[in-house]
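Hi,

Here is the structure I promised to pass on to you. Have a look at it first, and then read my notes below.

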Amino acid sequence: RYVLRLCTTHDVPKYFAALLTYHTRDAPVQKSILAPIGSDWTTAFGAFAKAFKAKTKVDWDERLVARRLAGEEGVFVYTPPKMGEPRGELPKDFEIGV
């Protein structure tokens, strides 16, 4: 299982980082820094979106579209957050429930 994180500081100006961890039952957690702490938004989000696409075969802006790629095991399936939990920034003109 992969866990992809986009982190931000509370400082002004804001700094960002993108991190990827891989978890298995049989081996230690593997950690990768995709964009180091102190990165600007463009760098960190670019690394995050690139890793998301590499691991899921889905563009970040298409993540909310229901899908399952035929014939592939372990593909990305979007599960929306529970009601009231943050959803992040949505693509322009996206309507929930479409």
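What follows is a short tour of the fold, the core and the aromatic rings.

First, the ground rules. This is a predicted model, in which local features need pLDDT of at least 70, side-chain atom pairs count only at pLDDT 80 or more, and totals for chains, interfaces and linings use all residues. Residues are numbered from 1 along each chain as its sequence is written, and side-chain values use heavy atoms, with hydrogens and water left out.

The fold

The protein chain has one helix and three strands, arranged along the sequence as β-β-β-α. Helices (H or I, at least four residues) and strands (E, at least two) are DSSP runs, numbered from the N terminus. The three strands make an open sheet in the order E1-E2-E3, with antiparallel pairing; two strands pair if DSSP finds at least two bridges between them. From one strand to the next, the twist averages 10 degrees.

E1 and E2 run antiparallel and are joined by seven bridges. In one of these strands, E2, Thr21 is the bridge partner of Val3. Helix H1 lies across E1, E2 and E3, and runs at about 170 degrees to E1. For that angle, axes are lines fitted to C-alpha atoms (for helices over the stretch in contact), and angles run from 0 to 180 degrees between N-to-C directions.

The core

Which residues form the largest nonpolar core? There are six: Phe16, Ala18, Ala35, Ala44, Ala47 and Phe48. Strand E2 (16-22) and helix H1 (41-56) are the elements that give two or more residues to this core, and H1 gives the most, with three. A nonpolar core here is a set of buried Ala, Val, Leu, Ile, Met, Phe, Trp, Tyr and Cys residues joined through side-chain atoms within 4.5 Å. Buried means under 20% relative accessible area, exposed over 50%, and partly exposed in between (1.4 Å probe, protein chains only).

Ala35 touches Ala17, Ala18, Thr43, Ala44 and Ala47, leaving aside residues up to four places away in sequence; contact means heavy atoms within 4.5 Å.

The rings

Searching the whole structure gives seven aromatic pairs. Trp41 and Phe45 are stacked, because their ring centres are 5.0 Å apart and their planes are at 15 degrees. Rings of Phe, Tyr and Trp (its six-membered ring) pair if their centres lie within 6.5 Å, and planes under 30 degrees apart count as stacked, over 60 as edge-to-face and the rest as tilted. Both Trp41 and Phe45 sit in helix H1, four residues apart, or about one turn of the helix. Trp41 is partly exposed at 40% relative accessibility, and Phe45 is partly exposed at 24%.

Phe52 and Trp60 form an edge-to-face pair, 4.9 Å centre to centre with 85 degrees between the planes. Phe52 is buried at 9% relative accessibility, whereas Trp60 is partly exposed at 22%. Ring pairs link Phe16, Trp41, Phe45, Phe48, Phe52 and Trp60 into a cluster.

The whole chain

Of the 98 residues in the protein chain, 21% are buried. Among contacts with a separation of 6 or more, 25% come from residues 24 or more positions apart.

Happy exploring!
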